[in-house]
Amino acid sequence: DTDRALVLLEEYCKKLRKPEEQQLKKAIRKVMGIFKSSLFQALLGSFTKKATRHGTISHSSLPSALACDVFGCPRD
């Protein structure tokens, strides 16, 4: 779930103190901002409703399925 991911990312960011880790820390903070955005929450809610209605997705695969739905999945 998004809230749990945010907690874990925040905990990880607190451990990034070295100068060479600051770029990673900045990128993680950017991802956290996206997770907190109303647009992301709306997309997540919309996709969850659609997938649940069709019974096509399990809860554990929701983040990757959402990414594929929004960005498209690579072809095998």
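Me: Contact means heavy atoms within 4.5 Å. Which residues does L9 touch, not counting residues up to four places away in sequence?

Reply: This is a predicted model, in which local features need pLDDT of at least 70, side-chain atom pairs count only at pLDDT 80 or more, and totals for chains, interfaces and linings use all residues. Residues are numbered from 1 along each chain as its sequence is written, and side-chain values use heavy atoms, with hydrogens and water left out. L9 has its place in helix α1. With residues up to four places away in sequence set aside, L9 touches I28, V31, M32 and F35.

Me: At what angle do helix α1 and helix α2 pack?

Reply: Helix α1 covers residues 2-15 and helix α2 covers residues 22-36. Their axes (lines fitted to C-alpha atoms, for helices over the stretch in contact) are 10 Å apart. The angle, which runs from 0 to 180 degrees between N-to-C directions, is about 160°.

Me: Are α1 and α2 roughly parallel or roughly antiparallel to each other?

Reply: Angles under 35 degrees count as roughly parallel, over 145 as roughly antiparallel, 65 to 115 as roughly perpendicular and the rest as oblique. The angle between α1 and α2 is about 160°. The two helices are therefore roughly antiparallel.

Me: Which residues of α2 make the contact with α1?

Reply: On the side of α1, the contact is made by T2, A5, L6, L9, E10, Y12 and C13. On the side of α2, the residues are L24, K25, I28, R29, V31, M32, F35 and K36.

Me: Is C13 buried or exposed?

Reply: C13 is found in helix α1. A residue counts as buried under 20% relative accessible area, as exposed over 50% and as partly exposed in between (1.4 Å probe, protein chains only). The relative accessible area of C13 is 0%, so C13 is buried.

Me: Which residues is C13 in contact with, leaving aside its neighbours within four places in sequence?

Reply: The C-alpha atom of C13 lies 8.9 Å from that of K26, a residue 13 places away along the chain. Once neighbours within four places in sequence are left aside, the partners of C13 are K25, I28, R29 and M32.

Me: What does L9 count as, by relative accessibility?

Reply: L9 and R29 are 20 residues apart along the chain, and their C-alpha atoms are separated by 8.2 Å. The relative accessibility of L9 is 22%. L9 therefore counts as partly exposed.

Me: Does T2 count as buried or exposed, and which residues is T2 in contact with, leaving aside its neighbours within four places in sequence?

Reply: T2 has its place in helix α1. With a relative accessibility of 15%, T2 counts as buried. Beyond its neighbours within four places in sequence, T2 is in contact with F35, F40, Q41 and L44.

Me: How far apart in space are D3 and F35, C-alpha to C-alpha?

Reply: D3 lies in helix α1 and counts as exposed, because its relative accessibility is 54%. In sequence, D3 and F35 are 32 residues apart. In space, their C-alpha separation is 8.7 Å.

Me: What share of the residues in the protein do buried residues make up?

Reply: The protein has 76 residues. C13 is one of the buried residues, and T2 is another. Of the 76 residues, the buried share is 16%.

Notes: Helix = DSSP H or I, 4+ residues; strand = E, 2+ residues; numbered from the N terminus.
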